[in-house]
Amino acid sequence: MDTIIKLLQKPVRKTLLATSLWASLGLTGIGNIDDKRALYVPDDLEVAVWAESPQLYNPTSIDVDHRGRVWVTEAVNYRAFKNKGEDVLHHEKGDRVLILEDTDGDGKADKTTVFVEDRDLQAPMGVAVLGNKIIVSSAPSLIVYTDENGDDKPDKKEVFLTGFGGYDHDHSLHSLIAGPDGKLYFNTGNAGPHIVTDKGGWNLRSGSIYNGGTPYNTTNKPGMKSDDNRLYTGGLALRVDPTGKNLKVVAHNFRNAYELAVDSHGNMWQNDNDDEVAGCRTTWVMENGNAGYFSADGTRSWRADQRPGQSIFTAHWHQEDPGTMPPGNQIGSGSPTGVSVYEGDALGKNYRGMLLSSDAGRNVIFGYKPTATGAGFDLSNRFDFASSIGASTEKYRWDNEETDTRKWFRPSDVTAGTDGSVFIADWYDPIVGGHAMHDKEGFGRIYRVKPKNKSLQTPVIDLKTKKGQIQALLSPAVNVRNQGFVSLLGQGEKVVPDLVQIIEKDENPYHQSRAIWLLANIPGSGIKKVESLLKHPNEQIRLTAFRAIRSVRDVLPEAKMLVSDLSAAVRREVAISLRDVPFAAARDIVIKLCEGYDGKDRWYLEALGTAMDGKEKAFYGILLEKFGKAPLKWDDRMATLAWRLHPQESIGALRQRVTSPQLTFEQRQQALTALCFIPSKEAALAVMDIKKMKDQKEMAPMVDWWLEFRSGNDWSGYYQVDKKTPELSAEVKNWQTQLTKSGSTPEQKSAAAASLAKDPAGAKMLIQMAAGNRLSPELTEVTAQHIFSNPDQSVRVLAGEYFKNGDAKSYNISEILKLKPEPVRGKEAFTASCSSCHRTGNNGGQIGPDLTNIKNKLDKRALLDAIIHPDADIVFGYEPWMITTKSGETVYGFLQSEGETVLLKDATGKQISLVSKDIVKRERARTMMPDPTTLDLKEQHLADIAAYLMNF
């Protein structure tokens, strides 16, 4: 049951409204609430506004220092290239980092200090307070400001690392935190390329097909390898020494995981955003894991790889591809943001170990109590920790945008304070996603959650004493712990007895783990104590001890020792540690680990895949000897290992399994998938042979799909489908000649332009000419008179970028909001005008984004704005391109993949393959979503459609 906690009166005109909890409380009514601004938290907690504008604006990230002060990065200048105007808040000197403080202990911030205002801070997305060094994440750089004299002003500024993509883009650098090992962890989104050289000279090179979101994000590309000769793509989770050396990719292929949390056991956690409905997720991150957003090489989107019958969620994260991490908890539609793990006891022991995941789209901070299951974690026990709309199971109506702003609560970050309370940053805006903001005042808040009717005092931490240093090490505030770590480490073996006492006496397992990591960094008696813990009866202590030793030296002896550990999680860590160990040294350990595999645990399988990375051929032969040479008699263990490894040598066995009637359809499908992930001529020929078999009718549809699909990427040199570009008709060519020939009269040119404008292929030619400023004003006017009646919808839509539609009209959103809407009529209008491209529920097309849960991202005003101005905020994957081939044909569509062939999806949903070498020009076009005028929609239609979508 939730408790309604009333908040402070807001001094400005915006209002945060609460809603009743009738459903969750089982009541028929709740009575009148004088102060309707409320957040909902569990009934043993309470929440209050701790700070709000004008104390801060547009908070993107928060951290807490050892004095309990909250540091905030603001993104007032977010998307400065589009969020313009005299009425829009803007900081001419650059964005800011603030320090907020409650000096009188009354539970509200009363002091604001501007630490820095810097033009190099363009919508910074992260802040980390590590003693007197403040590290700010603002693409392309991690910037370190050092306050050497403690006056809350930077005395030195330096670039820690630079070269990350995503300037003025939230798919970019996010907040950095200090891990329990003393190293620094952070992540960056998929707005590459990321080309970074660390302080030791090691080079990271990573990219993908993602371009967009800002005018600066135009040079991203896939296929680059880093100095470790590995190919990373998409968003990255990274680790680096405090010196800036030893940069390492610890996981990759995210979309835009906003933040990385590392708990004191060394577990990494994050959430990740989606392209459209149902794709968001929260997950444990396995080291070296591939999260599966793009194809493994970054050349293809999930839409290009989506197989027949696959759900969006499965395809979105490539969950049926070998080599990808399991999905974690499926959130659905939303906009996940900051994450943290609560390791304190002040809220009550029930909250210890809680994973907190902000979701700005859902107006909620989700709470999880991760449960170790096999080699992974179960995150199914999700609950609402804090929300502006109450229990997530309720069905809400908030149609009146003018007065109801509950959904303006947009939590951007969450973290624990030194007193054990929880701070929540609220960006506060009517819109989330689409790379925009509609709140021109830049309003923001910070909330504080604490136990009900209990006062929490900010502790005084004296970092000059050993007691204070231990107090800092055990702090609930994540980066305060690092100050304790660094200070205690400097004392060497003198602190070993104190750390051993924490392990033996402290009942908080996170405190125990912090002591273990620190001991491992102390030569002599420190690391010897950790080595002894490898035999501890508590599996979490064994696991942390192994990780801690691995963080400072080679662990091959320890891997041999733990290879048969009873814990699947411990054996998983052993497997992960073997990725870069040569085959001869790893051989016996890996085979022993395989013996402990049950054939079902996907996390364990991925860990084994990591252990055998680059050594698949050698291990496959041994696995055949160990677990059976007869492919049709493989158990789940051998079948899934062959699927995960799929070396060239497995082609014959996999082909045998695909064609065998003795196996189930699912087993044969699994073998076919593995076979089609082998990028060789022999694999292509094997599938082509299967296609010719008359007794393979059950497998034929997927065989055909795989051949068609692989012809555009891995097998393009061995198997081809007809990709010939159709020639322009003679009639269109004649009109083209008449239009461009110097001897044509103005009348002839006008007639040719009119004829071309009415023809689908001819109109595309005119658009291309207009894009290159090769049409005179007279011909532009003639074209405009005819092109908007072209039978090709994509032509009519794109024409609006280059020609003035005489029938176009302006719409007043405020006037539309005053109309009385009718959702039933809205459904009819949506079905007639929108459903050919957009889906709601199980109905509609899949050309444009799914709008089933659009109400979770936009309020009514923002939704109407998106319909009326479809080119303002384009969802990733729906940025259209205009491509011209050598034959003169112009093709429009959404980019699906790059490589030897380029795959587009046009406005009808048809996929178009173009041979890369035949492309002579590429230009980014406007959205392919038509404006309301093109669809002949009136104001009442729009009001009705908005009501339908808001009530779906």
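Mentor: Start with contact, which means heavy atoms within 4.5 Å. Note too that this is a predicted model. With that cut-off, the elements that cover the buried residues of α16 include α14 (616–627), α15 (636–645), α17 and α18 (681–692).

Trainee: Which residues of α16 are buried?

Mentor: Buried means under 20% relative accessible area. In α16 the buried residues are Ile651, Ala653, Leu654, Arg657, Val658 and Thr659.

Trainee: How do I describe the packing of α16 on α17, and at what angle do they pack?

Mentor: Give the angle, the axis distance, the handedness and then the residues. Helix α16 (residues 651–659) packs on helix α17 (residues 665–676) at about 145°, and their axes are 8 Å apart. The crossing of α16 past α17 is left-handed. On the α16 side the contact uses Ile651, Leu654, Arg655, Arg657, Val658 and Thr659, and α17 contributes Gln667, Arg668, Ala671, Leu672, Ala674 and Leu675. Sorted by class, this contact of α16 with α17 has 7 nonpolar, 2 polar and 3 charged residues.

Trainee: What is the angle between α21 and α23, and which way do they cross?

Mentor: Helix α21 (residues 746–758) and helix α23 (residues 777–787) pack at about 35°, with an axis separation of 8 Å. Here α21 passes α23 in a right-handed crossing. From α21, the residues Lys749, Ser750, Ala753, Ala754, Ala757 and Lys758 meet Leu779, Val782, Thr783, His786 and Ile787 of α23. The class count for α21 with α23 is 6 nonpolar, 3 polar and 2 charged residues.

Trainee: Which residues of α6 are buried, and what covers them?

Mentor: In helix α6 (residues 496–505), Val496, Asp498, Leu499, Val500, Ile502 and Ile503 are buried. Their cover includes α4 (466–473), α7 (509–520) and α8 (525–532). Read the list residue by residue; Asp498 is among the buried ones.

Trainee: Now the rings. How many aromatic pairs does the structure have?

Mentor: A search of the whole structure finds 23 aromatic pairs. One of them is Phe81 with Tyr216, an edge-to-face pair with 6.0 Å between centres and 90° between planes. This pair links distant parts of the chain, 135 residues apart: Phe81 is in the loop between β5 (70–74) and β6 (95–101), and Tyr216 is in the loop between β15 (203–206) and β16 (235–240). Phe81 is partly exposed, at 22% relative accessible area, and Tyr216 is partly exposed too, at 43%.

Trainee: Why is the pair of Phe409 and Tyr447 edge-to-face?

Mentor: Planes over 60 degrees apart count as edge-to-face. The planes of Phe409 and Tyr447 are at 80°, with ring centres 5.7 Å apart, so the pair is edge-to-face. Phe409 lies in the loop between β28 (383–387) and β29 (411–416), while Tyr447 belongs to strand β31 (residues 445–451), 38 residues away. Both Phe409 and Tyr447 are buried.

Trainee: Which rings are linked into a cluster, and where does a charge sit over a ring?

Mentor: Trp269, Trp284, Phe377 and Trp603 are linked into a cluster by ring pairs. As for charges, the charged end of Arg382 is over the ring of Phe366, 4.5 Å from its centre. Arg281 lies over the face of Trp317, 4.2 Å from the ring centre.

Trainee: Last, the backbone. Where are cis peptide bonds found?

Mentor: Look at omega. Ser53 and Pro54 are joined by a cis peptide bond with omega of about 15°, and Pro54 sits in the loop between β3 (45–52) and β4 (59–64). Another cis bond, also with omega of about 15°, joins Ala139 and Pro140; the loop between β9 (133–138) and β10 (141–146) holds Pro140.

Trainee: Which residues other than glycine have a positive phi?

Mentor: Among them is Arg79, with phi near 50°, in the loop between β5 and β6. Asn363 has phi near 60° and is in the loop between β24 (354–359) and β25 (364–368). Arg79 is buried at 0% relative accessible area, and Asn363 counts as buried at 0%.

Methods:
Residues are numbered from 1 along each chain as its sequence is written. This is a predicted model: local features need pLDDT of at least 70, side-chain atom pairs count only at pLDDT 80 or more; totals for chains, interfaces and linings use all residues. Side-chain values use heavy atoms; hydrogens and water are left out. Rings of Phe, Tyr and Trp (its six-membered ring) pair if their centres lie within 6.5 Å; planes under 30 degrees apart count as stacked, over 60 as edge-to-face and the rest as tilted. Helices (H or I, at least four residues) and strands (E, at least two) are DSSP runs, numbered from the N terminus. Buried means under 20% relative accessible area, exposed over 50%, partly exposed in between (1.4 Å probe, protein chains only). A charge sits over a ring if NZ of Lys or CZ of Arg is within 6 Å of the ring centre and within 35 degrees of the ring normal. Axes are lines fitted to C-alpha atoms, for helices over the stretch in contact, and angles run from 0 to 180 degrees between N-to-C directions. A crossing is left-handed if the near helix is turned anticlockwise from the far one by less than a right angle, and right-handed if clockwise. Ala, Val, Leu, Ile, Met, Phe, Trp, Tyr, Cys and Pro count as nonpolar, Asp, Glu, Lys and Arg as charged, and the others, Gly among them, as polar.
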